[in-house]
Amino acid sequence: MTTENSRIEKARALAEFCIKCAEDKKAENPVLLPLGPSSSIADFFVVASANSEPHLQALGSYIERQVRENMQLRVISGNEDNAGGWVLLDFNDVIVHLMLPEIREKYQ
(Lines give C-alpha, C1' and ligand atoms only; values in the text may rest on other atoms or scores of the structure.)
Protein backbone atom coordinates (compact mmCIF):
# COMPACT_ATOMS: atom_id res chain seq x y z
CA MET A 1 0.00 0.00 0.00
CA THR A 2 1.38 3.40 -0.89
CA THR A 3 1.96 6.03 1.75
CA GLU A 4 -0.88 8.15 0.31
CA ASN A 5 -3.31 5.21 0.41
CA SER A 6 -2.24 4.44 3.96
CA ARG A 7 -2.83 8.05 5.02
CA ILE A 8 -6.30 8.05 3.44
CA GLU A 9 -7.20 4.74 5.11
CA LYS A 10 -6.11 6.14 8.48
CA ALA A 11 -8.19 9.26 7.82
CA ARG A 12 -11.21 7.10 6.92
CA ALA A 13 -10.76 5.08 10.13
CA LEU A 14 -10.65 8.32 12.14
CA ALA A 15 -13.76 9.66 10.40
CA GLU A 16 -15.63 6.41 11.03
CA PHE A 17 -14.54 6.50 14.68
CA CYS A 18 -15.88 10.06 14.98
CA ILE A 19 -19.20 8.91 13.49
CA LYS A 20 -19.37 6.10 16.05
CA CYS A 21 -18.63 8.54 18.88
CA ALA A 22 -21.34 10.89 17.63
CA GLU A 23 -23.83 8.00 17.50
CA ASP A 24 -22.81 6.91 21.02
CA LYS A 25 -23.86 10.34 22.30
CA LYS A 26 -27.13 10.41 20.35
CA ALA A 27 -26.12 12.86 17.62
CA GLU A 28 -28.73 13.20 14.90
CA ASN A 29 -28.09 12.31 11.25
CA PRO A 30 -24.31 11.79 11.38
CA VAL A 31 -22.78 11.56 7.92
CA LEU A 32 -19.30 10.97 6.55
CA LEU A 33 -18.47 13.05 3.49
CA PRO A 34 -15.39 12.02 1.48
CA LEU A 35 -13.86 15.12 -0.05
CA GLY A 36 -11.61 13.29 -2.48
CA PRO A 37 -8.27 14.27 -3.98
CA SER A 38 -9.55 17.62 -5.24
CA SER A 39 -9.71 19.03 -1.70
CA SER A 40 -6.68 20.55 -0.04
CA ILE A 41 -8.63 21.13 3.19
CA ALA A 42 -9.17 17.55 4.40
CA ASP A 43 -9.93 14.06 3.20
CA PHE A 44 -13.22 13.73 5.09
CA PHE A 45 -15.87 15.84 6.77
CA VAL A 46 -18.03 14.38 9.52
CA VAL A 47 -21.29 16.29 9.98
CA ALA A 48 -23.86 15.67 12.74
CA SER A 49 -26.60 17.55 14.56
CA ALA A 50 -27.18 18.06 18.27
CA ASN A 51 -30.56 18.78 19.84
CA SER A 52 -29.43 21.66 22.11
CA GLU A 53 -26.45 23.86 22.92
CA PRO A 54 -25.47 21.70 25.95
CA HIS A 55 -25.76 18.55 23.80
CA LEU A 56 -23.60 20.23 21.15
CA GLN A 57 -20.87 21.09 23.65
CA ALA A 58 -21.02 17.60 25.19
CA LEU A 59 -20.71 15.98 21.75
CA GLY A 60 -17.66 18.07 20.88
CA SER A 61 -15.95 17.35 24.20
CA TYR A 62 -16.74 13.64 23.99
CA ILE A 63 -15.43 13.21 20.44
CA GLU A 64 -12.29 15.20 21.19
CA ARG A 65 -11.59 13.14 24.33
CA GLN A 66 -12.30 9.78 22.65
CA VAL A 67 -10.04 10.56 19.69
CA ARG A 68 -7.26 11.69 22.03
CA GLU A 69 -7.55 8.60 24.26
CA ASN A 70 -8.15 5.96 21.57
CA MET A 71 -6.25 7.27 18.55
CA GLN A 72 -3.64 9.46 20.27
CA LEU A 73 -4.61 12.50 18.16
CA ARG A 74 -5.34 16.02 19.30
CA VAL A 75 -7.47 18.71 17.73
CA ILE A 76 -5.21 21.05 15.77
CA SER A 77 -7.87 23.72 15.56
CA GLY A 78 -11.41 24.08 16.74
CA ASN A 79 -14.03 26.11 18.47
CA GLU A 80 -15.39 23.46 20.82
CA ASP A 81 -15.73 25.95 23.69
CA ASN A 82 -17.66 28.58 21.75
CA ALA A 83 -21.41 28.93 21.72
CA GLY A 84 -23.26 29.76 18.52
CA GLY A 85 -24.73 26.51 17.35
CA TRP A 86 -21.66 25.08 15.60
CA VAL A 87 -18.66 23.15 16.96
CA LEU A 88 -15.73 22.45 14.66
CA LEU A 89 -13.00 19.92 15.47
CA ASP A 90 -10.09 19.87 13.03
CA PHE A 91 -8.01 16.68 13.12
CA ASN A 92 -6.11 17.70 9.95
CA ASP A 93 -7.30 14.99 7.52
CA VAL A 94 -10.75 14.86 9.15
CA ILE A 95 -12.84 17.86 10.12
CA VAL A 96 -15.86 17.30 12.37
CA HIS A 97 -18.78 19.73 12.12
CA LEU A 98 -21.38 19.50 14.89
CA MET A 99 -24.36 21.81 14.52
CA LEU A 100 -27.74 22.63 15.87
CA PRO A 101 -30.45 21.64 13.36
CA GLU A 102 -31.21 25.22 12.30
CA ILE A 103 -27.53 25.91 11.54
CA ARG A 104 -27.21 22.67 9.60
CA GLU A 105 -30.32 23.47 7.61
CA LYS A 106 -28.94 26.89 6.76
CA TYR A 107 -25.69 25.44 5.37
CA GLN A 108 -27.16 22.23 3.96
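Modeller: Let's start with the aromatic rings: in this predicted model, the count comes to 1 aromatic pair. The partners are Trp86 and Tyr107, with ring centres 5.1 Å apart and planes at 55°, so the pair is tilted. Over 60 degrees would have made it edge-to-face. The pair ties together distant parts of the chain, since Trp86 sits in strand E4 and Tyr107 in helix H3 (residues 101-107), 21 residues apart.

Now follow the chain along from E4. In the loop between E4 and E5 you'll find Asn92, which has a positive phi of about 80° although it is not a glycine. That's worth a second glance, because most residues other than glycine have a negative phi. Asn92 is partly exposed, at 44% relative accessibility.

Next comes Val94, a residue of the largest nonpolar core. Of the 32 residues in that core, Val94 is among those that touch the most other members, together with Cys18, Ile63, Phe91, Val96 and Leu98. Two or more residues each come from helix H1 (3-24), strand E2 (44-49), helix H2 (53-71), strand E4 (86-90) and strand E5 (94-99). H1 gives the largest share, 8 residues. Leaving aside residues up to four places away in sequence, Val94 touches Ala11, Leu14, Ala15, Ala42, Phe44, Val46 and Leu89.

Three of those names, Ala11, Leu14 and Ala15, lead us to H1, where they are buried along with Phe17, Cys18, Ile19, Cys21 and Ala22. The cover over the buried residues of H1 includes E1, E2, H2 and E5. As for its length, the 22 residues of H1 should span 32 Å at 1.5 Å a residue, and the end C-alpha atoms are 31 Å apart, which agrees.

After H1 comes Lys26, whose phi is positive, near 65°, although Lys26 is not a glycine. Lys26 lies in the loop between H1 and strand E1 (28-34). With a relative accessible area of 61%, Lys26 is exposed. One more lysine brings us back to rings: Lys25 lies over the face of Tyr62, at 4.9 Å from the ring centre.

Notes:
Residues are numbered from 1 along each chain as its sequence is written. This is a predicted model: local features need pLDDT of at least 70, side-chain atom pairs count only at pLDDT 80 or more; totals for chains, interfaces and linings use all residues. Side-chain values use heavy atoms; hydrogens and water are left out. A nonpolar core is a set of buried Ala, Val, Leu, Ile, Met, Phe, Trp, Tyr and Cys residues joined through side-chain atoms within 4.5 Å. Buried means under 20% relative accessible area, exposed over 50%, partly exposed in between (1.4 Å probe, protein chains only). Helices (H or I, at least four residues) and strands (E, at least two) are DSSP runs, numbered from the N terminus. Contact means heavy atoms within 4.5 Å. Rings of Phe, Tyr and Trp (its six-membered ring) pair if their centres lie within 6.5 Å; planes under 30 degrees apart count as stacked, over 60 as edge-to-face and the rest as tilted. A charge sits over a ring if NZ of Lys or CZ of Arg is within 6 Å of the ring centre and within 35 degrees of the ring normal. The expected span of a helix is 1.5 Å times one less than its number of residues.
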